[in-house]
Each structure stands twice: as structure tokens, then as C-alpha cells.
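Please examine the sequence and the structure shown here. The explanation that follows leads through selected helices.

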Amino acid sequence: MSSLRLSFPLDAFDSKRFHFSANRTFIISSPISVSKVRVARLDTEANEAENAINSRSPIDNDSSLSGGRSSKLNGGNRGVKKDVARKFSFRREESNDLDEGLFVNNGEMDVNYSAIKPGLSLDHYNAILKRLESCSDTNALKFFDWMRCKGKLEGNVGAYSLILRVLARREEWDRAEDLIKELCGLQKSFQVFNTVIYASSKKGNVKLTSKWFQMMLELGVRPNVATIGMLMGLYQKNWSVDEAELAFSHMRKLGIVCESAYSAMITIYTRLRLYGKAEEVIDLMKGDRVRLNLENWLVMLNAYSQQGKMEEAESVLISMEASGFAPNIIAYNTLITGYGKVSKMEAAQSLFHRFYDLGLKPDETTFRSMIEGWGRAGDYEKAKCYYKELKRLGYKPNSSNLFTLINLQAKYGDNEGAVKTIEDMLKVGCQYSSILGIILQAYEKVGKIDAVPYVLKDSFHNHIRLNQTSFSILVMAYIKHGMIDECLVLLREKKWRDSAFESHLYHLLICSCKEFGRLNDAVKIYNHKMESDDEINLHITSTMIDVYTAMGEFGEGEKLYTKLKSSGVALDRIGFSIVVRMYMKTGSLEKACSVLEVMEEQKDIVPDVFMFRDMLRLYQKCGLHDKLQQLYYRIRKSGIHWDQEMYNCVINCCARALPLDELSRTFEEMIRCGFTPNTVTFNVLLDVYGKAKLFKKVNELFLLARRHGVVDVISYNTIIAAYGQNRDFTNMSTAIRNMQFDGFSVSLEAYNSMLDAYGKDKQMEKFRSILKRMKKSTCETDRYTYNIMINIYGEQGWIDEVTEVLRELKESGLGPDLCSYNTLIKAYGIGGMVEEAVGLVKEMRLIGITPDKVTYTNLVTALRRNDEFLEAIKWSLWMKQMGI
């Protein structure tokens with residue numbers, strides 16, 4: 001069948017009242033008959049369901065129901081009235097029989113079973129059941145079971161429908177399901193399903209309603225228009241798109257035409273912004289020859305308007321009016337909303353001005369849409385004009401209008417207007433906290449948060465001072481935007497009293513200042529807190545210690561810690577962690593360890609993963625290997641989750657404190673768990689294995705590090721030093737070549753390792769060769785290089801070379817250190833320069849370098865080497881007396 005193209009020249013419809021392009025068309029598949037009906041659909045469908053339930057005959061009324069809408073509009077109700085009259089006639093004729101069979105027992109209607117005459121008609125039994133169903137659920141169920149015993153239920157759809165009403169009210173769904181299956185085994189009827197679908201849909205139970213529909217299909221019962229209408233109405237109300245698609249698909253497969261189903265499907269898709277699917281349903285509606293009612297036209301118009309397809313929306317409106325529908329306020333409001341969405345406000349304005357020409361009067365929705373449209377276009381003056389007119393006509397703005405207006409007033413700096421809008425918000429029942437959130441969001445968006453104090457006046461300001469929720473929202477906003485002075489003013493003005501909440505708020509404010517990097521503001525907040533209430537709060541004080549630590553004000557932080565201890569307040573885990581970190585940053589490692597000892601005394605404190613890491617790092621810096629080992633096994637027993645950072649921290653800190661087997665086990669476990677060691681971890685392990693002369697492990701570890709791409713200069717320095725200390729010159733040379741191959745320059749540390757290795761092996765030609773290469777490179781000699789040279793030359797007894805190196809060391813500006821002097825004393829002893837060796841000790845004291853045990857040991861050795869035994873004994877006795 002060909003399509004009917006409705007082409008309307010706009011002149012015929014007074015095109016001046018629209019801003020549409022001429023000769024637009026809206027194509028509708030032919031043949032389609034269009035009738036005017038009410039927008040509400042559930043009344044018709046509910047009546048159909050009711051009629052189905054009241055039917056005394058089990059015949060399928062699907063054909064009459066499918067045309068239910070048109071018959072109602074064309075005077076079909078007269079037929080219904082006749083039917084009702086016939087029912088009342090039936091009741092008058094048999095009222096005596098009913099009265100004989102019924103009586104009142106304890107306020108409930110019941111049946112006198114002995115008085116029921118044999119041979120009564122099925123209608124008579126159903127009439128009794130209907131009377132009981134309306135009065136007593138229990139007695140209705142009892143009578144229904146009695147009818148079963150008498151064989152009055154076979155094919156009696158009416159009786160089943162009535163009793164299903166009772167079961168639905170009692171929500172006895174399992175029994176209802178059994179009865180439906182029982183009836184469908186004898187006769188398939190949509191009426192009983194409509195009864196339960198109607199009941200469950202009224203309760204808004206999507207899952208149960210869908211179950212009845214699925215059962216209906218499984219049992220081979222064909223739904224009717226009322227079934228589909230009730231289902232789609234429920235799904236639309238709950239936006240149940242999957243269930244709606246299923247019902248809609250079955251409707252079309254069965255050839256059922258339910259106008260409201262198409263409207264519901266389009267509405268659901270539009271609401272969920274599935275505009276493409278909504279348009280597919282519109283096309284299906286045309287192809288299925290649906291009798292378009294007003295609701296169908298309106299949902300089509302809304303679908304196009306919501307996605308900004310205004311040309312299609314205009315075509316729908318033209319076709320709708322050409323089909324005989326009078327101009328409709330909902331349709332024109334929908335069109336205005338659509339214009340607003342695409343910022344075509346000139347078209348919306350023109351359409352608004354022609355409302356009266358169309359015989360329409362703008363309503364509340366019209367003005368609301370105009371406000372939203374001009375607000376979206378950013379035209380504050382026009383939005384304000386329509387807002388004033390809305391109020392003048394006695395209409396109320398909705399929350400969206402008020403939100404739009406506040407945003408425009410914030411943008412254009414109309415603080416007085418914002419004050420009035422806030423008053424309107426309060427009048428329509430908006431909560432203070434909600435209004436405050438809207439105001440803050442609006443002014444934050446345009447970067448004018450500093451204007452907020454000027455719009456929160458009078459009653460609103462009093463509310464903020466009295467209400468702790470609104471108060472906390474506002475002061476947090478001030479802190480977020482660095483308005484510390486406004487925050488302090490508000491803190492002084494507060495009227496509410498809740499010490500616990502107040503402490504929590506101050507803590508939150510201080511933490512926020514710290515998070516935003518405004519540490520001085522945190523100090524101001526804390527000082528204000530102490531002015532009004534000097535009670536010690538653990539969380540606030542701990543946070544302030546952390547703040548002072550970040551500021552480098554360690555003295556202030558320590559004062560707070562001392563104050564906290566003297567107050568008798570016991571620190572918690574976080575407090576101890578903050579204090580430990582403070583002392584670690586100041587370099588007061590002993591004090592940090594003492595804090596940990598205090599923590600250990602509090603048996604109720606169990607360190608978390610962060611605290612364990614701090615303890616590991618502290619003990620490593622202090623060189624407390626026993627503590628590290630104990631802590632390691634404690635962490636193992638604690639049951640905490642080990643992540644990548646924990647493995648790295650444990651290996652880095654405990655590498656020199658744990659047995660090699662345990663260290664290797666931890667590393668292998670880390671790899672097995674899929675974690676990647678960092679560069680420091682690899683370098684630490686390379687150093688440990690190298691010093692243990694486990695060169696096979698060194699090679700394996702180095703290759704693994706290269707695979708992960710974490711090898712750096714220090715990695716090469718470490719393995720070069722390990723090979724050098726072991727006099728493995730072949731591997732050391734190979735490592736140097738690989739280092740250069742990987743793009744690294746030979747580092748000063750590598751040169752020092754080679755010098756030390758070749759020098760101690762007395763390969764002096766190689767030693768001199770390395771020195772020459774070193775001088776040609778860009779590496780600058782450091783004090784460690786000079787110390788190696790002094791040591792090697794001293795071991796050879798080359799005093800002239802030692803003297804020359806010492807001169808270079810002093811001229812370089814570095815000067816000798818403790819290690820340099822110790823090495824020189826040893827060299828002078830080997831060279832027979834005892835007096836010079838003793839003189840070096842005196843020189844050390846003069847320049848402020850304190851000799852250590854190595855210094856005196858080297859001196860005693862030098863004296864003995866040169867037969868100065870008496871002097872050697874004197875120095876040895878002096879060392880014992882001094883406890884060296």
C-alpha cells in the first residue's frame with residue numbers, strides 16, 4: 001500500500017504564526033484513520049480489564065476490546081449502560097434467592113450453604129461470589145472452594161477472575177499462579193491474566209507483572225489491548241526499557257494495535273535519550289497503521305524537540321493540526337522547549353507572542369520554558385522579564401527556573417537580584433542547605449565566590465549562624481577558595497553549640513588548609529580555636545604538628561608534642577606516625593626512636609603498613625640491624641597485606657640486617673606475586689650479593705634488572721665495585737664496556753673502583769693508565785680518589801708521590817678529611833716518617849678533625865714498624881684509658 005504524503009502549504013494555516021519553512025511534509029503510511037481521544041489512556045484500559053472481569057461468558061472479547069477507544073468516543077458507552085441495567089434487572093429478579101443464601105456473621109457477609117437450592121444457574125453462583133468478594137475475602141475463598149466441590153468452576157472464567165481479585169489483594173501470588181494454570185489447562189483466557197496484571201501493575205511491581213505476562217505467553221494465551229496497555233503504562237512509569245521492549249515486540253508479533261503502547265515506548269526512549277530508537281518506533285507506528293490519537297502526536301513532537309530536531313517537530317505539529325486537532329497548549333509548550341534547547345529563542349519568542357492568535361493562553365509551563373530558554377541563551381534581561389511575568393500571573397517558578405536565574409545573576413553580578421531569588425526559593429519550600437549549595441555552585445562556576453557574603457543576608461545569614469550543617473558547608477567553601485578572613489568572621493559569629501561537631505569541623509578546616517597548601521591559614525584556624533577553647537584535642541594537635549613540620553617550624557611542632565604528653569592524652573597510631581616523621585625530618589633520629597619505644601609500651605596500638613615503613617626507614621638510618629631483623633619478622637606475623645611498595649621498602653632497609661637466604665626468599669616472593677622491584681631495590685641487592693661474592697646471583701639479578709629497564713649508572717657502579725673488590729678484572733672490564741654500550745659514560749665511582757682494584761693488586765701500570773684516562777675524561781677527581789692514591793702510593797712506600805697527591809688535594813680546595821689523615825699516617829709509617837705521622841695527629845686536632853680508633857691504630861702500627869716500641873706502648877695505654 002503506498003504512503004499518503006500530506007503536503008500543506010503554510011499559507012493555508014496562517015504561516016505567520018510559525019517560523020517554519022514552507023511546504024514541510026509529514027508522511028504517514030496509508031490507510032490511517034485518526035480520531036481525537038483523551039490523552040490519558042489507563043482509564044480506557046482499566047475499564048476494559050474491568051469489563052473482562054465482570055463478563056459472565058468465557059468467550060474471547062479481544063475483538064471488541066481492540067476498538068475500545070473508538071467505541072467510547074462514538075457513543076459506545078450507551079451499550080455499557082444497557083449491560084449494567086440488565087445486570088441490575090437480574091439482581092432484582094433473583095434478590096430473594098440471594099437473600100436466602102446469604103447472612104451476616106460477626107459483621108461479615110457469609111453463605112448459608114444449607115439454604116442454597118440445587119439447580120441454581122452458574123450466574124447465580126457467580127453473583128453470590130461477587131457479593132462475597134466485595135465484602136469478605138475469607139468467605140469468598142471458602143465459597144470458591146465449595147463451588148469447586150460442586151463442579152461449578154469448570155470453564156467458569158468469571159469465578160476465577162473474581163477470586164483472583166481476592167488473592168491479589170492478599171498478595172497470595174503462588175496460589176493465584178496455581179489457579180491460573182488450573183484454568184488454562186481447561187480454557188485459555190486473557191481475562192484472568194488481566195486481573196492479576198492489573199493488580200500487580202497498580203502496586204508498581206514490575207518484576208511480578210512481567211512474570212504474569214511471561215506466563216501468559218508460555219501458556220499460549222493471547223493478550224489483548226488492555227493487557228498491553230497496562231504493561232506499557234507500568235513500564236513507562238518505571239522507565240523499564242528492557243521489559244517494555246519485550247512487551248512491545250510481542251504486541252507487534254501478535255498483530256495487536258495498542259496506541260498507548262507506541263506512546264509509552266517513544267516516551268521511554270526519549271526519557272533515556274535513546275532518540276534513534278524513539279524515531280524507529282515512530283516509523284513503526286506509521287507502518288503498523290496506528291490510529292493516531294493526541295497522545296501519539298504529542299510524544300512524537302516531544303521526541304523531536306528533545307533532541308533539537310525542530311524542522312521535524314514543526315512538521316509533526318503541522319500534520320497534527322491538519323488531521324483535525326485544535327491547537328494544543330502542550331504541543332506548543334513542547335515546541336518552545338525544543339527551541340530553547342537549540343538556542344532558537346527568536347522563534348520561541350515569536351511563537352509565544354502568537355499564542356492568543358492561536359486561541360491559546362500561556363500557562364505556567366510556557367513561562368517556565370521561556371525562562372529556561374533565555375537562560376540557556378545567556379540573556380539575563382529577557383529571562384528576568386519572563387520570570388517577573390510568571391510571578392505576576394500568580395504562577396510559581398520551578399527549581400530549574402530558580403537555578404537558572406541564580407546562575408545568570410552570579411554571572412552578571414546582580415547581587416540584589418540574587419537576594420530576591422533566594423527569598424523566592426524559600427517561599428517555594430527549598431531547604432536552606434540546598435539553596436546554599438546552589439549559590440556556591442553558581443558563584444564558583446563564574447569565579448565570583450567572594451560575592452557570596454553579600455547575597456547571604458538577613459534570615460539566611462541568621463540561619464547559617466544557627467544551623468551547623470549550613471555553617472560547615474559555607475566555611476568549607478571559604479577555606480577552599482582562600483577566604484580565611486571571611487571564615488574567621490563566621491567562626492566568631494556562630495550561635496550553635498555542639499562541642500564534638502565543632503572539634504570535628506575545626507579538624508576538617510585545618511586538614512583542608514593543609515591539603516590546599518595554605519599552611520599559614522591552618523595556623524590561623526588553630527589559633528582561633530585555642531582562643532575560644534583551649535582544650536587539647538588529639539586529632540587537631542597531631543595535624544598541627546604535621547603542619548608545623550611541613551612549614552619547617554620544628555620547634556613549634558615539638559612544643560605541641562610536649563603539650564600533648566603533659567596533658568595526659570594518649571597518642572594514637574596516626575599521632576605517633578606524625579611525631580616520628582617530624583623527628584626524622586629534623587634529623588633527631590634518637591628522639592624518633594624514643595617515640596617508637598613509647599608507642600611499643602601502649603599495647604593497644606598496632607602499626608599499619610605506613611607506620612611499619614616509617615619504622616623500617618628509621619632503624620635503617622640509625623643502623624639498628626637487630627631492630628630491623630626483629631621488625632621484619634614482626635611484619636611477617638602481623639598479617640598485613642604486602643604491596644609493591646612494602647616489598648621494596650623491606651628489601652631496601654633490611655638487606656644488610658637479614659640472612660641472605662631470607663632476603664632472597666623475600667625477593668623471589670615479590671617476583672612471584674607479580675611486583676616489579678624498583679631501581680634502588682635492584683642496586684641494594686646487587687651490592688649485598690656482590691659483597692657476599694655471589695657473582696652468579698649478581699649476573700642473574702643484573703639481567704633481570706635490564707629486562708625490566710631499571711638499570712642505571714649506580715647499578716653499573718655497584719657491579720664494577722663488586723668485581724674490583726674480588727680482583728675479577730675480566731668481568732670488571734666487561735662491565736665497563738657494557739656500561740658504555742648502554743649509553744652511560746664511565747662514572748667517577750667506576751674509575752675509583754678500578755683504581756682501587758688495580759692499585760691493591762699492585763698493577764701500577766694499569767693504575768697509571770686509569771689515571772690518565774680519568775684526566776682525559778670529564779670526571780673531576782673527588783676526595784675519595786685522592787685517598788685511594790695516597791693509600792696505594794703509601795703501600796708502595798712512594799712518599800714523594802704521596803706528598804704530591806697531598807699537595808694537589810689541598811690545592812683543589814677539598815682538603816684532607818678523617819679518612820685522608822688516617823691513610824697518610826699509615827703511608828708515613830710505611831715510609832719511616834714517624835715524626836710526621838705523630839705531627840698529623842696534632843694537625844688533625846688543630847683543624848677540628850677528631851681522630852678515631854683507626855687513626856690511633858694506624859699511629860701505633862707506624863711506631864712499632866719503626867721500632868718506636870715505648871712510644872707505641874704509651875699510645876696504646878692512652879687509648880685504653882680513653883676507652884678507644
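Helix 40 spans residues 713-725, which makes 13 residues, and it reaches 18 Å from its first C-alpha to its last, close to the 18 Å expected at 1.5 Å a residue. Helices here are DSSP runs of H or I with at least four residues, numbered from the N terminus, and the expected span is 1.5 Å times one less than the number of residues. The model is predicted: local features need pLDDT of at least 70, side-chain atom pairs count only at pLDDT 80 or more, and totals for chains, interfaces and linings use all residues. Residues are numbered from 1 along each chain as its sequence is written, and side-chain values use heavy atoms, with hydrogens and water left out.

Ten of the 13 residues of helix 40 are buried (under 20% relative accessible area, with a 1.4 Å probe and protein chains only), so the helix is largely enclosed by the rest of the structure. Among these buried residues are Tyr-716, Ile-719, Ile-720 and Tyr-723. Their cover includes helix 38 (679-691), helix 39 (695-708), helix 41 (729-741) and helix 42 (748-760).

Just after the helix, Arg-727 has a positive phi of about 60 degrees.

Helix 15 comprises residues 294-306. Eleven of its 13 residues are buried, so helix 15 is largely enclosed by the rest of the structure; Trp-297 and Tyr-304 are among the buried residues. Asn-293 caps its N-terminal end through a side-chain oxygen 3.1 Å from the backbone nitrogen of Glu-295. Gly-308, which follows helix 15, has a positive phi near 80 degrees.

Terms used: Helices (H or I, at least four residues) and strands (E, at least two) are DSSP runs, numbered from the N terminus. Buried means under 20% relative accessible area, exposed over 50%, partly exposed in between (1.4 Å probe, protein chains only). A polar contact is a pair of N or O atoms within 3.5 Å; within protein, one must be able to donate a hydrogen and the other to accept it, and residues adjacent in sequence count only if both atoms are side-chain atoms. Contact means heavy atoms within 4.5 Å.
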